[in-house]
Protein chains: 2
Amino acid sequence: MMRMPFTKAEYLERLSKVKASMSEKGIDVLLITDPANMNYVIGYDAWSFYVHQIVVVTLDDEMPRFIGRYMDAFCGAVKTTYLEKDHVHAYSDDHVQSTIKHPMDYMAKVLTELGYDKKRIGVEMDAYWFTAMAYERLKVGLPNAQFVNAHNLVNWVKIIKSDAEIELMRKAGKIVDLAMKAGIDALDVGVRQCDVAAAILHAQTVGTPEFGGDYIAIEPLMPAGETAGAPHLTWDDSRYTTGTTMYIEIAGAYKRYHCPMCRTISLGETSKQVEDVAKITVEGLNAALETVKPGVTCEEVEAAWRNVLSKYGYAKESRIGYSTGLNYPPDWGEHTASLRPGDKTVLQPNMTFHCIPGMYFDDFGVSISQCIRVTENGHEEFAKYPKELVIK
Amino acid sequence: MMRMPFTKAEYLERLSKVKASMSEKGIDVLLITDPANMNYVIGYDAWSFYVHQIVVVTLDDEMPRFIGRYMDAFCGAVKTTYLEKDHVHAYSDDHVQSTIKHPMDYMAKVLTELGYDKKRIGVEMDAYWFTAMAYERLKVGLPNAQFVNAHNLVNWVKIIKSDAEIELMRKAGKIVDLAMKAGIDALDVGVRQCDVAAAILHAQTVGTPEFGGDYIAIEPLMPAGETAGAPHLTWDDSRYTTGTTMYIEIAGAYKRYHCPMCRTISLGETSKQVEDVAKITVEGLNAALETVKPGVTCEEVEAAWRNVLSKYGYAKESRIGYSTGLNYPPDWGEHTASLRPGDKTVLQPNMTFHCIPGMYFDDFGVSISQCIRVTENGHEEFAKYPKELVIK
């Protein structure tokens with residue numbers, strides 16, 4: 001019962017791009033620890049990344065390998081991906097969160113047995129799941145290997161989506177429209193924050209009658225009132241009061257592909273400042289999106305936003321967007337191109353970005369965003385929810 | 001608007017225990033990267049752990065420091081914790097997921113300015129958020145420091161809960177009872193997996209009329225049918241069929257404190273083997289729980305389970321439980337004591353465990369669990385949902 005959302009041919013196509021990048025960087029063996037990258041090359045999808053596991057891609061073998069915990073390897077990787085059983089390796093459970101045995105010791109042993117112990121081995125140095133200890137143990141277990149920083153190698157391959165991936169993101173776009181509507185419908189003075197979050201989570205997961213939603217790489221972010229300038233707060237069980245300005249940053253996800261969205265909502269009356277900042281934000285967002293087309297750089301997109309801002313006497317320090325798509329907690333961003341000064345990544349068709357110019361002040365915040373695809377001559381918006389301040 | 005769920009006195013009490021452990025290990029400066037540990041010592045709670053951030057605890061300063069991204073530091077850490085503004089440091093946004101600047105370079109600079117650059121610095125070597133690159137950059141930025149592995153130092157302090165923490169876990173227990181009921185109520189032949197997940201997520205988040213639920217460190221795990229032996233699969237949008245055996249592993253959470261629970265459900269008829277394994281599982285679980293009291297070791301608890309299993313001719317490789325409580329994705333386990341052979345941790349009052357003896361076979365799985373507190377002379381069960389196979 002394979003559960004992969006793409007054809008095996010598509011996975012092999014991805015692998016050939018990953019291997020081309022490995023060759024270019026002189027990497028013989030790539031150890032993938034980021035679960036999104038593992039999913040990208042073998043279709044493995046499980047909440048098992050809380051223990052150490054890797055996918056091994058080598059230049060001399062068409063089929064990658066999975067090395068993980070016993071209970072995830074044989075019932076999980078073998079049954080749900082295209083890997084043959086002899087390409088799946090499992091460590092025993094006494095390696096899990098143990099102070100005595102480390103899973104990377106086992107992985108080094110497997111790599112040695114396969115003859116990869118003297119190779120140039122690429123590792124994802126800044127991936128969440130590649131801990132300092134994992135690297136230390138690997139270096140001890142493979143003293144003759146040469147380690148190369150292959151952080152974001154797979155991420156840069158996956159920055160251009162296939163048409164099949166774009167289809168999943170369109171579905172995610174339909175889900176986020178429904179989830180944002182569910183959240184804003186539930187929101188009112190006197191309602192608890194947790195009840196709005198529950199409405200959002202329910203809508204994200206039910207999806208549509210035709211296709212259901214997946215879990216999201218980031219929980220609903222819902223900063224409100226005087227902490228609305230802190231964009232990464234979630235919710236509690238307090239009740240909304242009249243005059244609160246808040247925003248909701250969520251995504252829809254379908255088979256791990258995300259379409260994020262942020263909207264700002266004022267409950268009842270709002271200040272002229274909030275209304276003005278919201279108008280400028282939307283004008284700047286649209287100006288940025290209108291510059292999007294193949295050949296333009298990321299920093300040029302940001303400059304269009306910045307020009308609108310400076311016209312009104314505002315400035316904003318942080319980036320206004322990033323590549324998005326296939327991901328796992330804790331981030332739906334792909335950690336490659338960012339829409340900010342200095343980022344000279346050239347836009348190409350089927351790159352996908354979450355453009356989120358958030359204006360965070362000491363005592364309020366306004367954020368209105370759009371997730372888009374770069375098309376042959378412009379951009380496609382995945383979601384349809386109106387880009388405006390919501391007053392309720 | 002501080003959002004901390006405990007008194008400042010409780011945080012200071014925790015800090016004094018952390019510092020005692022630092023002293024014992026010869027650590028002058030502790031860099032905390034695990035968001036649960038950050039929350040534990042300063043009460044910081046935000047979904048900002050997808051970028052590098054640390055809490056610094058030193059022996060020579062009563063107040064810890066937060067070093068993080070600008071947008072999380074001043075509106076987030078300053079407004080929501082007890083830290084004074086001069087103990088909060090922020091790096092600029094161009095450090096975020098950049099190939100040029102690394103946040104740890106900034107952190108090394110701050111530590112140097114504070115005079116900590118020649119100290120013995122403890123780092124959480126195997127924490128998810130302490131990447132290989134973070135460690136490399138720290139070593140470059142602090143060439144005269146001595147680094148000490150302080151992995152799980154805070155985790156071992158927090159293994160014994162305060163009465164105030166236990167109160168939060170009791171609330172989480174009430175929430176998980178409701179969430180499990182919501183999931184099992186929604187479950188039926190012909191229902192989509194995503195619709196059951198949505199019912200669970202909604203109930204987890206709404207909580208009760210008196211207190212709302214928080215998000216959970218692990219998404220609902222719902223392996224079903226022939227992949228039910230792979231315990232970390234989530235859901236898709238396929239429909240359940242008659243005769244499916246599955247389990248639901250979820251938690252309730254209140255202010256980041258978790259009470260996990262797993263139940264096995266058969267839709268319609270089930271095999272004698274599933275029924276037998278379920279009975280043995282419950283008998284073994286109860287035998288393990290009945291041994292729990294102060295003075296007993298973790299491996300003795302597991303042995304009670306193992307004795308029941310062997311009586312029926314079964315064996316199970318993996319651990320049957322672990323310490324749980326305050327946590328963030330991707331794991332509600334605390335990575336300290338495990339209920340398994342060789343773990344000689346001695347139980348003490350207010351330790352809390354998720355006892356989950358999962359029986360995973362090639363083509364089915366049975367798992368029935370209980371989250372408990374060690375009391376003065378036995379154990380307290382946080383949740384009330386009947387410990388039995390559910391046939392629906």
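In this predicted model, a helix of one chain meets its counterpart in the other: A:Cys194, A:Asp195, A:Ala197, A:Ala198, A:Leu201, A:His202, A:Thr205 and A:Val206 of H8(A) are in contact with B:Cys194, B:Asp195, B:Ala197, B:Ala198, B:Leu201, B:His202, B:Thr205 and B:Val206 of H8(B). Sorted by class, the contact of H8(A) with H8(B) comprises ten nonpolar, four polar and two charged residues. The axes of the two helices, each spanning residues 193–206, come within 8 Å and cross at roughly 170°. Since angles over 145 degrees count as roughly antiparallel, H8(A) and H8(B) are therefore roughly antiparallel to each other.

How are the two chains related? Two copies of a chain are related by a rotation about an axis and a shift along it. The same surface serves both copies, as 100% of the contact residues of chain B recur in chain A.

Helix H5 of chain A illustrates packing both within its own chain and across to the other. In H5(A), residues 132–141, the buried positions are A:Ala132, A:Met133, A:Ala134, A:Tyr135, A:Arg137 and A:Leu138. These buried residues pack against H4 and strand E5 (120–123) of chain A, together with strand E5 (120–123) and H5 of chain B.

The interior can be considered next. In soluble globular proteins, nonpolar side chains tend to be buried together. The largest nonpolar core has 274 residues, of which A:Ala172 and B:Ala172 touch the most other members. Leaving aside residues up to four places away in sequence, B:Ala172 touches B:Ala251, B:Gly252, B:Ala253, B:Tyr254, B:Tyr257, B:His258, B:Cys259 and B:Phe382.

Most residues other than glycine have a negative phi, and most peptide bonds are trans. A:Gln97, although not a glycine, has a positive phi of about 50°. A:Gln97 lies in the loop between strand E4 (88–91) and helix H4 (103–113) of chain A. With 22 other C-beta atoms within 10 Å, A:Gln97 is buried. A:Asn152 likewise has a positive phi, near 70°, and is found in the loop between strand E6 (146–149) and helix H6 (153–157) of chain A. A:Asn152 counts as buried, with 21 C-beta neighbours inside 10 Å.

In chain A, the bond from A:Pro329 to A:Pro330 is cis, with omega near 10°, and A:Pro330 is placed in the loop between strand E9 (321–324) and strand E10 (333–338). In chain B, the bond from B:Pro329 to B:Pro330 is also cis, with omega near 10°. B:Pro330 is in the loop between strand E9 (321–324) and E10 of chain B.

Notes
Residues numbered from 1 in each chain as written. Chains lettered and ligands numbered in written order. Predicted model: local features only at pLDDT ≥ 70, side-chain atom pairs only at ≥ 80, totals over all residues. Axes fitted to C-alpha atoms, helices over the stretch in contact; angles between N-to-C directions. Helix = DSSP H or I, 4+ residues; strand = E, 2+ residues; numbered from the N terminus. Parallel < 35°, antiparallel > 145°, perpendicular 65-115°, else oblique. Contact = placed C-beta atoms within 7 Å. Nonpolar A, V, L, I, M, F, W, Y, C, P; charged D, E, K, R; others polar. Core = buried A, V, L, I, M, F, W, Y, C linked by C-beta atoms within 7 Å. Buried ≥ 20, exposed ≤ 12 C-beta atoms within 10 Å, placed from the backbone.
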